[in-house]
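Reader: Could you walk me through this one? I would like to start with the sheet and then move on to other parts.

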Amino acid sequence: MNAQGAGAVGRRTVLRGLMAGAAAFAAAPLLSGCDAPIGAGLVGSALDASTVTFWNLFGGGDGARLQTMLDTYTKQHGSNSLTAATFAWGDPYYTKLTLATVGGQPPDVAVSHLTRMQNLAEADLLTPITDEMLAGAGLAASDFNQNAWANQKRGGQNYAIPLDTHPFVLFYNVDVCEKAGLLDGNGKLKPIKGVDQWEAALEAAKKATGGYAIASATVGDFATPWRFFQTLYSQMDGSTPFLGDSGRSITVKEDLARKALAYIQRMSTQGWLAPITDYAGAETMMFTGKAAFYLEGEWELTTAQKVKGLKFGMAPVPQLFDRKAAQADSHTFVLPKKARTPEQTQLAMNFIAAMLKQSMTWAQGGHIPAYLPTLNSSEYQKLEPQASYSEVAQYTHYDALAWYSGSGSVFENIVGAQTALVQQRLASPDAALASINSQLSPYLNAANPL
């Protein structure tokens, strides 16, 4: 065992001790309530063998759609069949899930971003999902988007079942784009490929708005600038993952990273791209016709649909460089490691299968179904604007593995903050890259806390 491994065991032992004590303390006043679903869910003890405990991180429109799916499950399986708890997403959620698992009190099933489950798997906190377990629930590997499926594997084993793909996409204001002559005969955005066509579209859109052509957040939101950078960088032949060796080295191709940052700054300098706006401000610009385009995750579809009178469409981010690519992540189902009987494993897998079979409900919020029977259905193919960008799921790029990377991570904050400064014209690409390297340096050599 190397020094790092020894350190990990030491931390794990301490954590288990702390969690055991905390569980004993917490359980005492709740014993009378453990039969209740909420009591059992918080303590993590499934007293009823037919009850599935489920943790998730969905709020807003996603949370409402998930609740619809959970309600369907309980109607089919009984009111005591499920205990579901929702927690604030990001590091607080993953810390809670980690500590609960280390302490032997995890839920039966949990949601995890694909980019965060890899670290949980490497820390041996997840139960591998075998072909037999899939088959027992009526599922098979071939049922899923193969890009997402391949990225959930670690060491040849399956550790997650993808629910969706949620990529960086292009929203467009139909009225503005029509004025700019950018729509086809069906009212959809004409295909745009390559820098020349893209810049011609931006120039036409700028004239139509009298202001900016495109909006993307740079203030108080570092995830969006990261997604923007990763999308353009990944479109270049020769681009490599930003991090290598499980986060212990920086492997980004600096000449290509510099090119991507320089192009973001060019769009800003030319007056096409709004340099300084926050998350809500960027989408408001597109909603109100002050920008033709808006760059964000497809989950903002629900927000756009609620704007009275807004006519909008959605499309993949145009291919500006050598190949199609877009930054993305996936929501997945995982089985936190715990002692399970075969019946409990089957129950958990059946719950996951029941959720997947409601993927059409989930897709209405913009996420691209990973479950192919839904993605390939005529019902989904008629769903607009969702079907207009669903191809993106085939060429997405996930964040590189590191204990400090993934959705809502310190890595995204560091790279995204510097990309934002480039877009704001407050830093050169060279200065941004130097700062990124400097800020990531302490994490390269730090031991994985798991």
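**Sheet, helix and pocket**

Author: Strand β1 (residues 52–56) and strand β3 (residues 109–113) pair in the parallel sense over two bridges, and F54 stands opposite V109 in β3. This is a predicted model, in which local features need pLDDT of at least 70 and side-chain atom pairs count only at pLDDT 80 or more, while totals for chains, interfaces and linings use all residues. Residues are numbered from 1 along each chain as its sequence is written, and side-chain values use heavy atoms, with hydrogens and water left out.

Reader: What counts as a strand, and as a pair?

Author: Strands (E, at least two residues) and helices (H or I, at least four) are DSSP runs numbered from the N terminus, and two strands pair if DSSP finds at least two bridges between them.

Reader: So what is the strand order in the open sheet?

Author: The five strands run in the order β2-β1-β3-β14-β6, with mixed pairing. Because β2 (82–86) and β6 (161–162) stand at the edges with a single partner strand each, one side of each is left without a neighbour in the sheet.

Reader: How does β14 pair with β3 and β6?

Author: β3 and β14 pair in the antiparallel sense over four bridges, with H331 as the bridge partner of H113. β6 and β14 are also antiparallel, over two bridges, and there P162 has T332 as its partner.

Reader: Changing topic, how enclosed is α19?

Author: Eleven of the 14 residues of α19 are buried, so this helix is largely enclosed by the rest of the structure. The buried residues include F411, E412 and I414, and just after α19, R425 takes a positive phi of about 65 degrees.

Reader: And what do those buried residues pack against?

Author: They pack against α10 (223–234), β9 (243–244), α11 (254–269), β13 (326–329) and α20 (429–444), where contact means heavy atoms within 4.5 Å.

Reader: Which residues lie nearest the centre of the largest pocket?

Author: D62, W89, R227, W299 and H331 do, out of the 30 residues that line the largest pocket. A pocket is an open set of points on a 1 Å grid where a 1.4 Å probe fits, with protein on both sides within 12 Å along at least five of seven lines, and lining residues have an atom within 4 Å of a point.

Reader: Which helix gives the most to that lining?

Author: That is α3, with four residues.

Notes
Buried < 20%, exposed > 50% of the residue type's maximum accessible area, 1.4 Å probe, protein only.
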